[in-house]
Amino acid sequence: GNRKAVNAPWHCRFYADDGKSFLPVYPKVICRRRVRERGPWSEYLLQKGDNIIRIDRRISINDEFVVFSRFYLNADHFGSMMEKPVAELDGANFKTILDQEFGLPVTNIVQTVTVLRFTDAFCRACLVDKGTTGMFLQIVASTVRGRNVYYQEFFVPPSKRRLMLSDHYDAEER
């Protein structure tokens, strides 16, 4: 169809069969809203009331499996992410948007991983059977000056694919 693979993804880089190149990543926005509920993002992103934007995406990895992602940012700084047409966010590299439109290049990320049994809701989001155990990846991204820019969660179902985890991003790596 007319869907677009995200260009040079930083996260969700799964190795292809050759062990060098990465599989294409096709994100689709399924929900975007302001949230009041508090969580790990609250402290990182200076939450006050509902000034947090959450964007949920289903990310197809080469049509082999689906990673579910929740992306959080502060609306006080990035309010226009609520205004953009959802179609514009499908397939978009959010990191690139933050860099180009807001002049906030993300230079550092901290990633933590837990292996856990997904709730039924997350199983549905990843299109896997109830009770599936997978990887829960949490990311805090910041700029050179240490300002936190976004917080992101990924639910990664089991697959034979190796996921590249790095705190260093170099577009030339592709």
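This note goes through the strands, nonpolar cores and cavities of the structure above.

1. The model is predicted, so that local features rest on pLDDT of at least 70 and side-chain atom pairs on pLDDT 80 or more, while totals for chains, interfaces and linings use all residues. Residues are numbered from 1 along each chain as its sequence is written, and side-chain values use heavy atoms, with hydrogens and water left out.

2. Strand 3 (residues 52-61) is mostly covered, with nine of its 10 residues buried; buried here means under 20% relative accessible area, with a 1.4 Å probe and protein chains only. Helices (H or I, at least four residues) and strands (E, at least two) are DSSP runs, numbered from the N terminus.

3. Strand 3 pairs in the antiparallel sense with strand 2 (residues 25-35) over 10 bridges, and V35 stands opposite I52 of strand 3. Strand 3 also pairs with strand 4 (residues 65-74) in the antiparallel sense, again over 10 bridges, where I53 stands opposite L73. Pairing requires that DSSP finds at least two bridges between two strands. The hairpin of strand 3 and strand 4 has three residues between the strands, and N62 takes a positive phi near 55° there.

4. The largest nonpolar core holds 35 residues, and I61, V67, M81 and Y150 have the most contacts inside it. Among the elements that each supply at least two residues of this core are strand 2, strand 3, strand 4 and helix 5 (94-102). A second, separate core of eight residues includes F118, F122, C123 and F155. A nonpolar core is a set of buried Ala, Val, Leu, Ile, Met, Phe, Trp, Tyr and Cys residues joined through side-chain atoms within 4.5 Å.

5. Leaving aside neighbours within four places in sequence, I61 is in contact (heavy atoms within 4.5 Å) with C12, F14, L23, P24, V25 and V67.

6. The largest cavity is lined by 17 residues, of which P9, W10, H11, R57 and N93 lie nearest its centre. Strand 7 (148-156) gives the most to this lining, with three residues. A cavity is a set of points, on a 1 Å grid over the protein atoms alone, where a 1.4 Å probe fits but cannot get out, and its lining residues have an atom within 4 Å of a point.

7. Among the residues that line the second largest cavity are W10, H11, I109, L137 and S166, and the elements giving two or more residues to that lining are strand 5 (108-117) and strand 8 (163-164).

Key: Buried < 20%, exposed > 50% of the residue type's maximum accessible area, 1.4 Å probe, protein only. 1 Å grid on protein atoms, 1.4 Å probe; cavity = no way out; pocket = protein on both sides within 12 Å on 5 of 7 lines; lining within 4 Å.
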